[in-house]
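Here is a friendly walk through one structure, with the cut-offs spelled out along the way. Please have your viewer open as you read.

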Amino acid sequence: MKQNLIYFFKLLWQSVVFWTLAMFCYAMFRYYGIDQEISVVLKNRGDDDMGVIEPLIIFSAIGLGLGLLYALVDFLFDKYMPKKIPLGLNLLFKTGLYFIVTVFIVSVVLDIASRILNLGIELYPGWWRKDKRFWNALFYMTLASFVFSFIKIASERFGKGLFFKMLLGTYKNPKEEERIFMFLDLKDSTAIAENLSHRKYSQFIQDCFFDLNEVVLQYEAEIYQYVGDEAVLSWSYKKGLTNNNCIRIFFAFEEQRLSRKEYYIQKYGAYPEFKAGLHGGTLMVAEVGFVKKELAYHGDVINTSARIQSECNTHNVSLLLSEKLLKDLKIGKLMTSKSLGNVLLKGKKKEVNIYSIIKE
């Protein structure tokens, strides 16, 4: 419940801010200085002229209402629409709801504004069908929705905050950052793949990562990449340490899968278990590629995290992390750490002291 509320309020503030600003801008484009335009005649309501204040208030209110209800539509579709529904059908349903919401909000706001400001607007059933101003505004809103969708997709693709940094060219030149990485890998993947068809196995992995995505935002993680049945998560060092996010996400992911254990067993005849390796430190971040542009991380932190994860099978544990990272974390009474000693990781010249973490 808490996770759903966090996700909803995130959608809500983004949607409200965007649409309020978008409709505010529309009022400015449409009405600012309109009384000085050639051949434009404003209806005299007893004032010197209409000005721009009233349209700004009306359209900002429309934007606020649209932001509220659009966020609700997005939340309901993301949480309760079946994940397997075709994208085209999903868009068709959502577009229909958006249109109904738009007509409703515009009608309500115009009716209230007309009564308060004595605008004399008459709204009758189906008024919007022949109202050219409505279709003009709707065309603008359609373009604005494409911009909003583009920003959301780009933000999801690159990670929260990274999209705007890339727009500003922050990583055109390699930049040093302190980050935490988690390599998360499916246990016994070969055996599971052999028992399932390649199509069924692909759906199995897809379901696992759906469950992972359910907890990612709650623990402020960024998904760096998916590689087969492995996911690589990342945090800024501060966010990863806050409330032990980089460790708690692993146990939250376990609980999420456990809540759907019956589903996995019935559909695939197998229950997914994962192992993870964690390490943190300083590394370089750079924007790479031209045809396919993305952020890349370079440094020992990446390699060490991957090597630590590979030790899980050797020690028959699910979660391992480096001593360096453990010292910076504050492991409470709900978790226990156990040293597994110094280990010479593959490709490393110096041994690394690793620890297993168990939730009480």
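In which helix is Ser 114 found? Ser 114 is found in helix α3 (residues 87–117); helices (H or I, at least four residues) and strands (E, at least two) are DSSP runs, numbered from the N terminus.

## Ground rules

This is a predicted model, in which local features need pLDDT of at least 70 and side-chain atom pairs count only at pLDDT 80 or more, while totals for chains, interfaces and linings use all residues. Residues are numbered from 1 along each chain as its sequence is written, and side-chain values use heavy atoms, with hydrogens and water left out.

## Ser 114

With a relative accessibility of 10%, Ser 114 counts as buried. Buried means under 20% relative accessible area, exposed over 50%, and partly exposed in between (1.4 Å probe, protein chains only). Apart from its neighbours within four places in sequence, Ser 114 is in contact (heavy atoms within 4.5 Å) with Leu 119, Gly 120 and Ile 121.

The expected span here is 1.5 Å times one less than the number of residues in the helix. Among the buried residues of α7 are Tyr 201, Phe 204, Ile 205, Cys 208, Leu 212 and Val 215, and Asp 207 and Asp 211 are buried too. An α-helix has 3.6 residues a turn, so residues three or four places apart point the same way.

Helix α11 (residues 300–315) holds 16 residues and reaches 23 Å from its first C-alpha to its last, close to the 22 Å expected. Its buried residues include Val 301, Ile 302, Ile 308, Glu 311 and Cys 312. After α11 comes Asn 316, whose phi is positive, near 55°.

## Two nonpolar cores

A nonpolar core is a set of buried Ala, Val, Leu, Ile, Met, Phe, Trp, Tyr and Cys residues joined through side-chain atoms within 4.5 Å. The largest has 41 residues, and those with the most contacts inside it are Met 182, Phe 204, Ile 247 and Leu 278. Helix α7 supplies the largest share of this core, 8 residues. A second, separate core of 35 residues includes Phe 77, Val 106, Ala 144 and Phe 148.

Leaving aside neighbours within four places in sequence, the contacts of Ile 247 are Leu 278, Leu 319, Leu 321, Leu 329, Ile 331, Met 335 and Ile 357.

## Strand β8 and its partners

Strand β8 (residues 352–359) is mostly covered, with 6 of its 8 residues buried. Strands pair if DSSP finds at least two bridges between them. Strand β6 (residues 319–322) runs antiparallel to β8 and is joined to it by 3 bridges, with Leu 320 opposite Ser 356. Strand β7 (residues 335–343) is also antiparallel to β8, through 7 bridges, and Val 343 stands opposite Val 352.

## Aromatic pairs

The structure holds 28 aromatic pairs. Rings of Phe, Tyr and Trp (its six-membered ring) pair if their centres lie within 6.5 Å; planes under 30 degrees apart count as stacked, over 60 as edge-to-face and the rest as tilted. Trp 19 and Tyr 70 form an edge-to-face pair, 5.3 Å centre to centre with 80° between the planes. Trp 19 lies in helix α1 (residues 2–31) and Tyr 70 in helix α2 (residues 53–80), so this pair ties together parts that are 51 residues apart in sequence. Both Trp 19 and Tyr 70 are buried.

Tyr 26 and Tyr 140 form a tilted pair, 5.0 Å centre to centre with 45° between the planes. Because Tyr 26 lies in helix α1 and Tyr 140 in helix α4 (residues 132–158), the pair ties together parts that are 114 residues apart in sequence. Elsewhere, ring pairs link Tyr 201, Phe 204, Tyr 263, Tyr 264, Tyr 268 and Tyr 271 into a cluster.

## Cysteines and positive phi

How many disulfides does a search of the whole structure find? The search finds 0 disulfides, taking a disulfide as a pair of cysteine sulfur atoms within 2.5 Å. The sulfur of Cys 312 is 14 Å from the closest cysteine sulfur, in Cys 246, which is too far for a bond. Cys 312 is buried, at a relative accessible area of 1%, whereas Cys 25 is partly exposed at 31%.

Glu 220 has a positive phi of about 55° although it is not a glycine; Glu 220 sits in the loop between α7 and β2 (222–227) and is partly exposed at 30% relative accessibility. Asn 244 likewise has a positive phi of about 55°, and lies in the loop between α8 (237–241) and α9 (245–258). Asn 244 is buried, with a relative accessible area of 9%.
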